[in-house]
Amino acid sequence: MAWRRQLCTTTAAAVLVVVVAACSDGSGTQSSSGKGKPLADVSSSPSSDNSGGSTPAGAPPGAKVLGTVRLGEALTFTLHTSETSGEPQRWKLVVRSVECGKPLNHAVLAYAADSVGAPTATPVPEAGKQFCVLAMDGTNVGKSTASWDASNTVTLNVRDVRYTQSQQDTEYALDYAQYWNQQGQTAPTFGLNSGSQGPVHGVFEIPAGDELTSLWVTAGTAIETIYGVQPGHLVLLQ
């Protein structure tokens with residue numbers, strides 16, 4: 001597993017100053033959560049900074065909500081990190097689906113096993129929990145090569161309870177990135193040039209039987225940094 005961890009570009013520790021802009025387009029893709037049931041279609045909401053009120057459920061306490069979108073709609077954010085020598089990164093993300101209560105993709109697991117040259121145990125979630133696999137499209141709309149992934153930047157939410165990827169879940173997500181990279185679709189975690197698009201996958205574990213209500217996508221390199229909780233976007237699922 002060590003060689004795969006080396007490939008994963010993790011920016012969670014980067015010092016950042018976030019400069020953000022939010023936008024939304026109007027496509028209406030649906031997904032499923034729980035046990036394959038369709039998610040309700042919801043209307044997008046205008047941006048809000050909630051500076052004088054309570055934080056919406058699903059957003060980290062005190063976080064500035066830059067926008068609220070639904071599945072299939074785009075959100076865009078700009079960020080600065082120490083790794084880019086001051087040049088901002090700009091990403092456009094579209095959440096395509098969230099599938100819960102199913103085993104991880106067999107083709108992905110088979111490819112991961114072949115890569116290490118030995119069979120691996122079938123992944124199982126923690127006792128009483130279920131896997132949820134997030135699929136997104138990520139487009140680098142900045143001016144230079146940049147990397148992005150869902151580790152410590154995305155939460156799946158059951159109302160006001162937020163779930164991030166564990167270290168093991170991050171390994172599973174990297175398996176997805178490796179697999180799709182082999183299929184010719186380079187994931188943003190490996191770096192994309194300006195104007196290029198690739199798939200982003202996240203693997204999360206939530207209590208079995210719970211229904212997801214939203215996602216939080218932080219507009220920074222981590223949900224919380226030395227500067228505090230970073231702003232972001234809510235993606236409504238119900």
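Colleague: Which elements each supply at least two residues of the lining of the largest pocket?

Modeller: Bear in mind that this is a predicted model. The elements are β6 (89-100), β7 (129-140) and α3 (167-182). β7 gives the most, with four residues.

Colleague: How much space lies in the largest pocket?

Modeller: About 190 Å³. The lining has 15 residues, and the closest to the pocket centre are E99, P103, N105, V133 and Y176.

Colleague: And what is the lining of the largest pocket by class?

Modeller: It has 10 nonpolar residues, three polar and two charged.

Colleague: Switching to cysteines. How many disulfides does the count come to?

Modeller: The count is one disulfide. C100 is joined to C132, with S to S at 2.0 Å.

Colleague: Which parts does the pair tie together?

Modeller: C100 lies in strand β6 and C132 in strand β7, so the link ties together parts that are 32 residues apart in sequence.

Colleague: Are C100 and C132 buried or exposed?

Modeller: C100 is buried, and C132 is buried too.

Colleague: Why is the disulfide right-handed?

Modeller: Because the torsion about the S-S bond of C100 and C132 is about 115°.

Colleague: In which sense do β4 and strand β14 pair?

Modeller: The pairing of β4 with β14 (residues 232-236) is parallel, over five bridges.

Terms used
Residues numbered from 1 in each chain as written. Predicted model: local features only at pLDDT ≥ 70, side-chain atom pairs only at ≥ 80, totals over all residues. Heavy atoms only, no water. 1 Å grid on protein atoms, 1.4 Å probe; cavity = no way out; pocket = protein on both sides within 12 Å on 5 of 7 lines; lining within 4 Å. Points joined across faces, edges and corners; volume = space filled by probe spheres on them. Nonpolar A, V, L, I, M, F, W, Y, C, P; charged D, E, K, R; others polar. Pairing = 2+ DSSP bridges. Disulfide = S-S within 2.5 Å. Buried < 20%, exposed > 50% of the residue type's maximum accessible area, 1.4 Å probe, protein only.
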